Amino acid sequence: MKASASFIRSEGGLLPADLLARIRARDPNLPGIKRGHYGLADGETLNEAASRSWARLTGLWRRFAQKLATRPADQGFEADTLDLWLRPLFQELGFPQPLERARAETLGRDTFAISHRSGDLPIHLVGAGILLDKRTRGVRGAADVNPHGLLQDYLNRKDAFVWGLLSNGLRLRLLRDNAALTRQAFVEFDLESIFSAEDQSGYADFFLLWLVCHRTRFAPIVGTPDDSTTPAAWVIESWRSEALKTGKSVKRGLRNNVVQALNHLGPGFVSHRANGPLRDALRSGALSRDAFKRQLLRLIY
């Protein structure tokens, strides 16, 4: 599913497009969306803070892209990706610098070489020459399993860590502990397209990235009395809960609409003067009531 923004992709319902639209619009009914919740200086607006970050990062991106264009095709480019681009990006997102390097961790028989962490947030960063969904031999954090799969499996198996960030400098993904093994769930920001867009048209998408991935999202709401710092109290988790609540409400509405449609279509088809064969089939049992209902449901959906 494509989110409403040009360079943002939402998969698996983690933070669906309608919720991202509410964050973009700074819906006052969302928790933790006000200026004060981002730890800004008195009088500073969210737009001012994000615009300042954008101005710095666009210049850094141009220099990084020039360097990237000259790299050998078989080079992972990890050191330059981190030093020239990802560390400044995370700095502008409010993360303490330098990012804490993480040691490889063994869970069961598997080793997880997650590159960094910030408190209870694992952050897996690889070079721009490494694909997020493909294994790359000989590359730490991408050799045995692709970087996305490595971080997702780590979140699924490590109880203390629920959310994570993944990037190769060209794309940034937000992941969460995900019980669905057959379907990926993430929000992806296409950094390359955002910062390479003409006329700075990528700023709107960067602003949403800044709102969603700022360090304050991975902590309790500023100023609340809740002394819990676990992921269950984080702003980003409250947004996911809001998405789930909204989704359940939509499903309830859909179910009610389906029932109404069945109650209108079923009697309508049976009573129509041209549907004598349908009435005969129902009377004789050649068409069971359940089979008729299934046909109506196929029609409705």
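**Cores, a helix pair and salt bridges**

Arginine 24 is partly exposed, with a relative accessible area of 25%; buried means under 20%, exposed over 50% and partly exposed in between, with a 1.4 Å probe and protein chains only. I start there and work outwards.

A word on the source: this is a predicted model, where local features need pLDDT of at least 70 and side-chain atom pairs count only at pLDDT 80 or more, while totals for chains, interfaces and linings use all residues. Residues are numbered from 1 along each chain as its sequence is written, and side-chain values use heavy atoms, with hydrogens and water left out.

Arginine 24 forms a salt bridge with aspartate 205, the closest N and O atoms being 3.4 Å apart; the term requires a side-chain nitrogen of Lys or Arg within 4 Å of a carboxyl oxygen of Asp or Glu. Arginine 24 lies in helix H1 and aspartate 205 in helix H6, so the pair ties together parts that are 181 residues apart in sequence. Helices (H or I, at least four residues) and strands (E, at least two) are DSSP runs, numbered from the N terminus. Aspartate 205 counts as buried, at 5% relative accessibility.

Now the helices themselves. H1 covers residues 17-24 and H6 residues 203-213; they pack at an angle of about 95°, their axes 10 Å apart. That makes H1 roughly perpendicular to H6, a label for angles of 65 to 115 degrees. Axes are lines fitted to C-alpha atoms over the stretch in contact, and angles run from 0 to 180 degrees between N-to-C directions. From H1, Leu20, Ile23 and Arg24 meet Ala204, Asp205, Leu208, Leu211 and Val212 of H6.

Ile23 also belongs to the largest nonpolar core, which has 60 residues, and is listed with Trp210, Val212 and Trp239 as having the most contacts inside it. Such a core is a set of buried Ala, Val, Leu, Ile, Met, Phe, Trp, Tyr and Cys residues joined through side-chain atoms within 4.5 Å. A second, separate core of 15 residues includes Phe112, Leu132, Tyr154 and Leu166.

Back to charges. There are 21 salt bridges in the structure. One of them joins the side chains of arginine 9 and glutamate 188, at 3.7 Å from N to O. Arginine 9 sits in strand E1 (residues 8-11) and glutamate 188 in strand E9 (residues 186-190), so this pair links parts 179 residues apart in sequence. Arginine 9 is partly exposed at 30% relative accessibility, whereas glutamate 188 is buried at 5%.

Terms used
Parallel < 35°, antiparallel > 145°, perpendicular 65-115°, else oblique. Contact = heavy atoms within 4.5 Å.
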